[in-house]
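Here is a short briefing on one protein chain. Keep the sequence and the 3D view open while reading.

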Amino acid sequence: MFSGELATATKIFGLELSDAQLEAFDKFYRLVIEQNRVMNLTTITEPHEFAIKHVIDSLSAWDKKIFRGNERLVDVGTGAGFPAIPLKIFCPQLMLCLIDSLAKRVDFLKRVVTELELDDVEIFHGRAEDLARQKIFREQFDIATSRAVARLNVLSEYCLPFVKVGGRFIALKGKNFREELDEARSAIKILGGGKIIVREVKLPTLDDSRAVIYVDKLKPTSAKFPRRAGLPNKQPL
């Protein structure tokens with residue numbers, strides 16, 4: 001049932017999934033729904049809505065000009081694995097680093113990676129503000145993604161320190177994306193961001209407005225950032 005909903009939705013959106021990918025997505029869906037009975041992963045559980053609002057929305061970040069080969073991608077505040085797990089299923093060559101501040105979600109993601117037999121995936125428990133200061137993470141990634149974590153000015157401080165110069169920060173945003181972008185432009189510049197591209201997204205069967213925001217990393221992020229845990233959210237740049 002879920003795989004049928006997803007196959008239809010992806011075709012409408014202009015993407016095509018193989019049988020193996022549909023099977024992987026179906027397994028991922030079942031794992032999320034099963035785990036959702038014992039912890040709060042998502043309020044979206046109906047197959048049609050899950051296919052569109054979680055999977056297709058995650059895949060909206062994909063761009064063949066950016067996802068060319070075996071890029072290293074860090075997903076900040078990954079939650080139940082969005083958008084990183086759908087992107088990995090769609091682009092198996094991606095090397096993932098999943099970061100989340102809740103240990104129970106990290107444990108769940110480890111199970112997902114094992115059961116879906118996903119290669120080149122690392123999972124870490126911690127806050128972005130702390131991890132981004134460590135050498136093994138700082139400016140080591142081609143791409144940083146984040147979805148439904150914070151407003152863009154705050155999110156930029158979480159994500160841009162992970163991105164190497166020449167890489168990209170990709171934010172998946174809802175209907176307030178224009179307002180968020182306006183208030184985040186200064187922060188993006190301070191944090192080393194450069195060119196910004198906004199691609200508006202229309203998801204199948206939905207009338208709401210949303211967008212994917214791509215930010216080029218132009219120069220290294222100052223050692224001052226990110227600030228200590230909690231401060232970016234309390235005092236946005």
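Thr-42 sits in the loop that runs between helix H2 (19–36) and H3. With a relative accessible area of 9%, Thr-42 is buried. The model is predicted.

**Aromatic pairs**

- A search of the whole structure turns up nine aromatic pairs.
- One of them joins Phe-2 and Phe-50, with ring centres 5.7 Å apart and planes at 75 degrees. Planes over 60 degrees apart count as edge-to-face, so the Phe-2 and Phe-50 pair is edge-to-face.
- This pair links distant parts of the chain. Phe-2 belongs to helix H1 (residues 2–13) and Phe-50 to helix H3 (residues 47–59), 48 residues apart.
- Both Phe-2 and Phe-50 are buried.
- Phe-50 also pairs with Phe-82. Here the ring centres are 5.8 Å apart and the planes stand at 70 degrees, so this pair is edge-to-face too.
- The Phe-50 and Phe-82 pair again links distant parts of the chain, 32 residues apart. Phe-50 is in helix H3, while Phe-82 is in the loop between strand S1 (72–76) and helix H4 (84–90).
- How accessible is Phe-50? Its relative accessibility is 0%, so Phe-50 counts as buried.
- Phe-82 has 6% relative accessibility and therefore counts as buried.
- Ring pairs join Phe-2, Phe-28, Tyr-29, Phe-50 and Phe-82 into a cluster.

**Salt bridges**

- Side chains of opposite charge can pair when their charged atoms come close.
- The structure holds 19 salt bridges.
- Within helix H2, Asp-26 and Arg-30 lie four residues apart, about one turn of the helix. Their side chains meet in a salt bridge at 3.0 Å, N to O.
- Asp-26 is buried, because its relative accessible area is 18% and the cut-off for buried is under 20%. Arg-30 is partly exposed, with a relative accessible area of 47%.
- Arg-210 and Asp-57 form another salt bridge through their side chains, at 3.3 Å, N to O.
- Arg-210 is in strand S7 (residues 210–217) and Asp-57 is in helix H3, so this bridge ties together parts that are 153 residues apart in sequence.
- Are Arg-210 and Asp-57 buried or exposed? Both are buried.
- Salt bridges link Asp-57, Arg-147, Asp-208 and Arg-210 in a network.
- Arg-185 forms a salt bridge with Asp-182, and their closest N and O atoms are 4.0 Å apart.
- Arg-185 and Asp-182 are three residues apart in helix H8 (residues 177–190), so about one helical turn separates them.
- Arg-185 counts as partly exposed, at 44% relative accessibility. Asp-182 is exposed, with a relative accessible area of 55%.

**An enclosed helix**

- How many residues of helix H7 (residues 152–159) are buried? The count is eight of the eight, so helix H7 is largely enclosed by the rest of the structure.
- The buried residues in H7 are Leu-152, Asn-153, Val-154, Leu-155, Ser-156, Glu-157, Tyr-158 and Cys-159.

**Charged surface patches**

- Lys-64, Lys-65, Arg-68 and Lys-195 form a positive surface patch.
- Lys-195 is part of strand S6 (residues 193–201). Lys-195 is exposed, because its relative accessible area is 55% and the cut-off for exposed is over 50%.
- Which residues form a negative surface patch? They are Glu-117, Asp-119, Asp-120 and Glu-122.
- Asp-120 is placed in the loop between helix H5 (103–115) and strand S3 (121–125).

How values were computed
Residues are numbered from 1 along each chain as its sequence is written. This is a predicted model: local features need pLDDT of at least 70, side-chain atom pairs count only at pLDDT 80 or more; totals for chains, interfaces and linings use all residues. Side-chain values use heavy atoms; hydrogens and water are left out. Patches are made of residues with over 30% relative accessible area and no salt bridge: like charges are joined within 9 Å, nonpolar side chains (Val, Leu, Ile, Met, Phe, Trp, Tyr) within 5 Å. Accessible areas come from the Shrake-Rupley method with a 1.4 Å probe; for residues, only the protein chains shown count as cover. Lys and Arg count as positive and Asp and Glu as negative; His and the chain ends are not counted. The place of a charge is taken as NZ of Lys, CZ of Arg, CG of Asp or CD of Glu. Helices (H or I, at least four residues) and strands (E, at least two) are DSSP runs, numbered from the N terminus. Buried means under 20% relative accessible area, exposed over 50%, partly exposed in between (1.4 Å probe, protein chains only). Rings of Phe, Tyr and Trp (its six-membered ring) pair if their centres lie within 6.5 Å; planes under 30 degrees apart count as stacked, over 60 as edge-to-face and the rest as tilted.
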